[in-house]
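Q: I have a model open and want to learn how to read it. Can we go through it feature by feature?

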Amino acid sequence: MKITRTTAALASLGIAALTLAGCSSAGASTEGSTSDTETAASGPVTLDYWGWAPNMQKVVDIWNKANPSIQVKYTEAAGASDLPPKLLSAERAGNGPDVAQAEYQKLPSLVVGGVVKDITDNVKSFKSEFTDSSWASTTLNGAVYAVPQDAGPMMMFYRADLFAKYGLDEPKTWADFATAAEKIHAADPSVYLGTLPQDGGTFTGLVQQAGGNWWTADGDKWKVSIGTSPSTDVADYWQKLAKTGALYTQPFLTPEWNKLVADGKILTWSAGVWAPGVIESVAPDTAGKWAAAPLPQWKSGDVNTGFMGGSAVFITKSSKHPVESAKFLEWLNGSTEGSGYLASISNIYPASIAGQAGLASASVPTLMSAQTDFYSIAAEVSAHTAKVTWGPNVQTAFDAFSDKLQAAQTGGTSFSDALKTVQDLTVADLEKNGFTVER
Amino acid sequence: MSSTVSSVRRPDVKVSPKARKGSLQPRVAPWMFVAPALALFMAFLLIPILYAVYLSFTRLKVTTGGAFGARTQVFVGFDNYVLSLSDPELLASLRRLATFGIISVPLTLGLALAFALLLDLPQIRYGRFSRTAIFLPYAVPGVIATLLWGFLYLPSTSPFNYVSRALGLGDINFLGLPGLYGSLANIAVWGGLGFNMIVMYTALRSIPGEIYEAATIDGANEWQVAWRIKIPLMTPALVLTFLFSLIATLQAYGEPQTLKSLTSTISFTFFPLMKVYRDAFGNDDVAGAAATSVVLAIGTLVISLLLLRVLQRRAFGEEK
């Protein structure tokens with residue numbers, strides 16, 4: 001009886017395992033075909049598009065109406081920070097989409113994760129629709145991996161009416177910003193000039209403005225510069241300012257932050273050009289009272305800025321219709337028509353040349369309705385953005401940065417030391433994944 | 001089947017040859033009944049666990065050179081386990097979990113026991129309403145409960161802070177350290193109280209009433225009845241709820257993860273399971289996360305077995 005029971009148990013385990021193996025789809029996806037063998041499909045094709053840009057479904061509907069042979073099925077699969085893990089899991093399981101949106105900073109980790117198709121040949125026909133520096137954000141080691149969609153050069157958005165009330169001028173340097181912060185906080189302790197940049201996205205944008213880059217690729221090797229100047233200089237500045245109590249020290253876009261912004265207790269937000277739409281959605285009653293300005297500079301007279309966010313759209317390795325996907329992406333991101341819809345319907349700042357040119361005649365966001373030259377300031381800022389390289393483990397570094405900086409803020413320890421710890425963790429993670437790091 | 005029935009109906013008839021044929025036949029029926037549960041267990045529990053253990057011995061690594069080479073699966077032996085056990089973040093998260101557990105487990109079980117005993121009193125009024133009211137928070141899904149409490153904790157939306165500010169006492173720091181542990185424990189107690197109370201109450205209801213009559217005749221008051229008779233007789237239920245609470249605390253994830261978006265005090269690795277989630281989906285290191293989760297599972301298993309071994313006599317001694 002003992003033998004029968006054990007044999008029966010083993011037999012049923014084996015049968016179940018075989019059945020499940022048979023049920024699951026085939027394992028590793030086959031390599032994407034090269035452009036030599038790529039041909040357009042004959043007959044109507046449906047593309048799956050995963051993204052998060054607001055109102056994208058409306059833009060996709062316009063395309064679908066005009067292109068019955070290439071239909072696009074849009075899914076708002078997840079937000080900007082949640083989409084990469086979803087994509088990796090789905091692609092590895094064989095259920096991924098044809099095209100997907102990804103932030104510029106996450107693109108290298110997706111490439112390294114093996115889910116992005118090399119589209120250098122597919123985009124040859126519309127290379128001229130973007131500037132070289134736009135393509136630089138989606139080109140790694142000479143190969144193009146995505147089509148830029150929107151750009152996020154950093155600017156400072158501030159409450160013009162409250163600045164007037166407190167007698168403040170638009171800060172042109174970071175020294176001015178610090179003076180203004182202390183002045184406001186002395187006048188009314190419940191009001192903050194700005195928020196402590198404790199998320200990787202904002203902080204790296206500020207580091208880029210100061211001329212630094214957390215990752216640089218030197219041939220086959222990576223160099224990580226998180227715990228060195230100018231990254232530590234930026235951290236020291238913000239730590240000094242936070243110590244005076246003049247900054248709001250919790251993360252932005254939380255319910256608490258939203259309420260403070262709506263009540264006029266936080267007067268500025270330094271973020272990408274896409275910020276007006278976001279501010280309006282969390283504080284609609286403040287529409288018309290804001291203004292935009294270039295970021296305060298380190299040296300008076302400079303015009304530098306960094307990137308915060310901004311995204312591109314890539315074609316997945318498992319896509320069966322790369323030719324049609326490239327056609328759709330050319331219309332969506334590169335053409336005058338598509339970029340125009342991205343700006344007017346999705347409220348994003350398009351990366352394409354035609355898109356940015358088209359904005360010159362567009363009406364400014366309602367958030368800053370009084371500032372009619374918003375788009376020319378944005379174009380000016382955009383022209384002076386730093387050149388950025390992103391490493392293959394951006395999310396790891398960003399998470400570690402948030403944790404360590406927040407711990408340093410609550411514990412009162414040095415931000416520079418926190419950055420050095422983040423540097424060690426990032427380098428260790430790169431080496432664990434088999435990359436060579438220049439020490 | 002029919003042969004079995006007919007042999008039951010007419011015992012004087014010889015057992016039909018079919019029934020006597022293979023010694024396996026009577027044993028097929030139980031297996032068939034168990035088969036659906038067995039299939040689900042294997043599909044959703046056993047095979048994923050085995051796959052996770054397999055993954056924990058691999059890693060996605062760049063093998064071909066280059067700054068942007070693609071990562072492929074490589075066998076790394078026990079390296080993931082070494083890294084996981086030597087990670088100071090894991091130890092720190094376990095320490096934080098212990099602080100949380102020390103507050104939430106005794107409070108949950110203590111209050112559940114108190115409510116169960118109170119509801120078992122003969123002179124209880126509105127018993128059914130109280131039972132439902134105490135059980136209701138358990139029915140609220142964890143994430144929603146956490147968001148609900150989160151807004152009650154946030155300085156600008158909290159009614160408690162509104163009251164304390166009106167009284168001139170300033171803000172109560174629910175979401176900063178050290179108040180955060182109490183706030184998290186509060187959510188856990190609020191949600192877990194009902195279930196534990198029902199388990200204990202059911203155990204109390206199954207105690208025969210004659211024991212109480214005997215005790216009252218001997219001159220015992222309610223307090224002595226509770227302490228000397230009810231609690232000792234509900235020991236199996238107490239041990240069970242304690243074990244379940246312990247396991248649930250070791251797996252605490254929903255509350256801190258949902259509260260994380262409301263406060264900067266909660267890091268990505270605040271509790272062990274948050275670290276596992278971050279490793280798997282933030283760092284794209286599923287293998288390392290698998291190793292950490294195997295370590296946690298083995299730890300939970302060891303603690304549970306030790307606990308049962310120590311309390312076995314008390315919990316199940318009567319039935320042995």
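Q: In which sense do E9(A) and strand E10 of chain A pair, and over how many bridges?

A: Start with the general idea. Strands of a sheet pair through backbone hydrogen bonds, either parallel or antiparallel. In this predicted model, E9(A) and strand E10 (residues 221–224) of chain A are antiparallel, with 4 bridges.

Q: Which domains does the assignment give for chain A?

A: The assignment gives domain 1 (45–152 + 309–359) and domain 2 (154–307 + 387–437). Both are written as two segments of chain A. Their C-alpha centres lie 27 Å apart. Domain 1 of chain A puts 19 residues into the contact, and domain 2 of chain A puts in 14.

Q: Which helices supply at least two residues of the side of domain 1 of chain A that touches domain 2 of chain A?

A: Look at helix H4 (107–112) and helix H5 (132–138) of chain A. H4(A) has the largest share of that side, 4 residues. By class, the domain 1 side that touches domain 2 in chain A has 9 nonpolar, 8 polar and 2 charged residues.

Q: How many residues does the largest nonpolar core have?

A: The general idea comes before the count. In soluble globular proteins, nonpolar side chains tend to be buried together. Here the largest core has 123 residues. Among those with the most contacts inside it are A:Val99, A:Leu107, A:Tyr145, A:Met155 and A:Phe328. Domain 1 and domain 2 of chain A both give residues to this core, so the core lies between them. Another core lies apart from it, with 47 residues, including B:Leu55, B:Phe100, B:Ala185 and B:Val286.

Q: Which residues does A:Met155 touch, leaving out those up to four places away in sequence?

A: A:Met155 touches A:Val273, A:Ala292, A:Ala293, A:Pro294, A:Leu295, A:Ala378 and A:Val381.

Q: Is A:Val60 buried or exposed?

A: Count the neighbours. The cut-off for buried is 20 or more other C-beta atoms within 10 Å. A:Val60 has 20, so A:Val60 is buried. This residue lies in helix H2 (residues 56–66) of chain A. Beyond four places in sequence, A:Val60 touches A:Tyr49, A:Val72 and A:Tyr74.

Q: How many helices and strands does chain B have?

A: Chain B has 15 helices and 2 strands. Of its 320 residues, 30% are buried. Now check the range of the contacts. Among contacts in chain B with a separation of 6 or more, 66% join residues 24 or more positions apart.

Q: How many residues of H14(B) are buried?

A: H14(B) is mostly covered, with 8 of its 11 residues buried. Among them are B:Leu273, B:Met274, B:Val276 and B:Arg278. Just after H14(B), B:Asp284 has a positive phi of about 50°.

Q: Where is confidence lowest and highest in chain B?

A: Where pLDDT is low, the predicted coordinates should not be read in detail. In chain B, helix H1 (residues 2–9) is lowest, at a mean of 50. Helix H5 (residues 88–119) of chain B is highest, at 95. Residues 1–7 of chain B are below 50, and this stretch has 8 contacts beyond near neighbours in sequence. The mean pLDDT of chain B is 87, and 89% of its residues reach 70 or more.

Q: What is the mean pLDDT of chain A?

A: The mean is 88 for chain A, where 91% of residues reach 70 or more. In chain A, pLDDT stays under 50 over residues 23–36. For the complex, the predictor gives an ipTM of 0.82 and a pTM of 0.84.

Conventions: Residues numbered from 1 in each chain as written. Chains lettered and ligands numbered in written order. Predicted model: local features only at pLDDT ≥ 70, side-chain atom pairs only at ≥ 80, totals over all residues. Buried ≥ 20, exposed ≤ 12 C-beta atoms within 10 Å, placed from the backbone. Contact = placed C-beta atoms within 7 Å. pLDDT = per-residue confidence, 0-100. Core = buried A, V, L, I, M, F, W, Y, C linked by C-beta atoms within 7 Å. Domains from an automatic or database assignment. Pairing = 2+ DSSP bridges. Nonpolar A, V, L, I, M, F, W, Y, C, P; charged D, E, K, R; others polar.
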